[in-house]
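Subject: Structure handover

Hello,

Here is the structure for your work, followed by notes on what was found in it.

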Amino acid sequence: MAVGYNNVNVEAATRNGVAVGNTPGVLTETTAELAAALTLAAARRVVEADSFMRAGKYDGWLPTLFIGNLLKGQTVGIIGAGRIGSAYARMMVEGFKMNVVYYDLYQATRLEKFVTAYGKFLESQGESPVTWKRVSTVEDVLRLADVVSLHPVLDKTTYHLINKDRLALMKKTAIIVNASRGPIIDEVALVQHLQANPEFRAALDVFEDEPYMKPGLSDLPNAVVVPHIASASKWTREGMATLAAANVAGKLKGCPVWHDANNVMPFLDESSKPPAASPSIVNAKNLGLKILTAAKL
Ligand SMILES: NC(=O)c1ccc[n+]([C@@H]2O[C@H](COP(=O)([O-])OP(=O)(O)OC[C@H]3O[C@@H](n4cnc5c(N)ncnc54)[C@H](O)[C@@H]3O)[C@@H](O)[C@H]2O)c1
Ligand SMILES: O=C(O)[C@H](O)CO
């Protein structure tokens with residue numbers, strides 16, 4: 001039960017006539033919120049400070065205790081500005097007035113429009129506007145950003161996208177956040193980078209060899225690590241379960257497949273009869289399954 005299906009061999013499934021369902025449209029905001037939470041935890045050293053407190057080490061306010069990074073006015077870099085990347089970018093823009101630099105294979109038009117409009121609103125209030133910039137390389141994002149959040153799909157173009165050489169391009173006090181897929185970062189290189197650069201921070205929801213971490217990661221105070229919980233809100237998990245069940249039921253009953261995997265709200269309405277369709281079968285076209293239009297539901 002997941003939106004990401006990089007762990008499934010869809011081609012082999014299709015060859016054998018097996019439908020592959022996923023659960024899109026209900027994870028976006030929840031996952032983006034966890035990426036935002038990780039960003040704040042790393043920027044303000046929340047986990048380190050919590051451990052210090054619980055260990056009974058706090059003996060009075062100090063001007064130098066757990067100095068972190070102010071996000072306001074800084075630049076957030078997005079690699080993969082799809083559903084989750086764009087939702088996270090909007091949160092960081094609206095919540096913390098950060099400027100956006102992003103890299104994606106496609107233009108994130110809605111995100112650009114949002115940042116432009118919000119920038120104009122801030123100006124109308126006498127505040128500095130926020131800005132966006134689309135760059136043509138991953139390297140440009142890494143050089144320019146104070147926080148880099150990774151949101152691409154995992155495929156052969158993004159495997160170890162963040163490696164030793166690219167980490168070296170980042171600012172010494174930057175933060176890297178990953179709530180996408182573990183192998184997008186070369187985790188051994190990241191551990192070495194964190195060891196050599198104590199002011200650099202990482203906040204990770206996903207790991208290269210889940211459920212394990214690469215040696216050394218868990219000892220590093222400049223890393224925040226959580227166990228793949230980005231989609232773990234009650235609303236999202238219920239939505240995922242409903243969509244997964246509806247996929248199975250729709251397939252068993254021979255129903256057609258819903259046409260818009262990003263618009264699955266009709267499947268979540270508990271008070272009405274479930275629609276006679278599978279909400280999201282990713283290999284529907286290649287299997288030759290019938291696909292519904294909105295008007296026919
Ligand atoms: N941690 C979690 O619990 C969790 C939950 C949901 C999704 N995810 C993962 O989050 C990621 C994003 O999910 P989404 O729903 O936003 O997907 P999406 O398809 O909406 O967005 C992915 C974006 O990545 C871009 N992209 C593809 N190849 C790229 C490349 N080489 N360089 C840069 N960008 C590239 C695509 O153009 C697209 O805009 C996926 O990896 C997904 O598996 C993780
Ligand atoms: O792809 C997904 O759905 C997640 O990684 C699990 O929530």
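I start with a side-chain pair: Asn69 and Arg201 are joined by a polar contact of 3.5 Å between their side chains. Please keep in mind that this is a predicted model.

Asn69 sits in the loop that runs between helix 3 (46-54) and strand 1. Is Asn69 buried or exposed? Its relative accessible area is 17%, which is under the 20% limit, so Asn69 counts as buried. A polar atom of its side chain also lies 3.1 Å from the backbone oxygen of Thr173. Setting aside neighbours within four places in sequence, the residues in contact with Asn69 are Ala43, Arg44, Thr173, Ile175 and Arg201.

Next, the strands. Strand 1 (residues 75-79) pairs with strand 2 in the parallel sense, over 5 bridges. Within this pairing, Gly77 is opposite Val101 of strand 2.

Why is strand 2 described as largely enclosed by the rest of the structure? The reason is that 4 of the 5 residues in strand 2 (residues 99-103) are buried.

On the packing: in soluble globular proteins, nonpolar side chains tend to be buried together. The largest nonpolar core in this model has 35 residues, and Val76, Ile78, Tyr88, Val100 and Val147 have the most contacts inside it. Two or more residues of this core come from each of helix 2 (28-43), strand 1, helix 4, strand 2, helix 5 and strand 5 (175-178). Helix 2 gives the largest share, 8 residues.

Val76 shows what the packing looks like at one position. Not counting residues up to four places away in sequence, Val76 touches Tyr88, Met92, Met98, Asn99, Val100, Val101, Ala145 and Val147. Another core, of 29 residues, lies apart from the largest one; among its members are Val101, Met170, Leu190 and Ala223.

There are also ligands to look at. Ligand 1 is surrounded by 26 residues, of which Arg83, Ile84, Asp104, Pro152 and Asp205 are the closest. Which backbone atoms have polar contacts with ligand 1? For Ile84, a backbone N or O atom is 2.8 Å from an oxygen atom of the ligand. For Gly82, a polar backbone atom is 3.5 Å from an oxygen atom of ligand 1. Ala179 has a backbone N or O atom 3.1 Å from a nitrogen atom of ligand 1.

The residues around ligand 2 are Ala2, Val3, Gly4, Leu27, Arg181, His228, Ser231 and Met240. Both backbone and side-chain atoms make polar contacts with ligand 2. An N or O atom in the side chain of Arg181 is 2.6 Å from an oxygen atom of ligand 2. The side chain of His228 has a polar atom 2.7 Å from an oxygen atom of ligand 2, and a polar backbone atom of Val3 is 2.7 Å from an oxygen atom of ligand 2.

Regards

Note on methods. Residues are numbered from 1 along each chain as its sequence is written. Chains are lettered from A and ligands numbered from 1 in the order in which they are written. This is a predicted model: local features need pLDDT of at least 70, side-chain atom pairs count only at pLDDT 80 or more; totals for chains, interfaces and linings use all residues. Side-chain values use heavy atoms; hydrogens and water are left out. Buried means under 20% relative accessible area, exposed over 50%, partly exposed in between (1.4 Å probe, protein chains only). Two strands pair if DSSP finds at least two bridges between them. A nonpolar core is a set of buried Ala, Val, Leu, Ile, Met, Phe, Trp, Tyr and Cys residues joined through side-chain atoms within 4.5 Å. Contact means heavy atoms within 4.5 Å. A residue is near a molecule or strand if one of its heavy atoms lies within 4 Å of it. A polar contact is a pair of N or O atoms within 3.5 Å; within protein, one must be able to donate a hydrogen and the other to accept it, and residues adjacent in sequence count only if both atoms are side-chain atoms.
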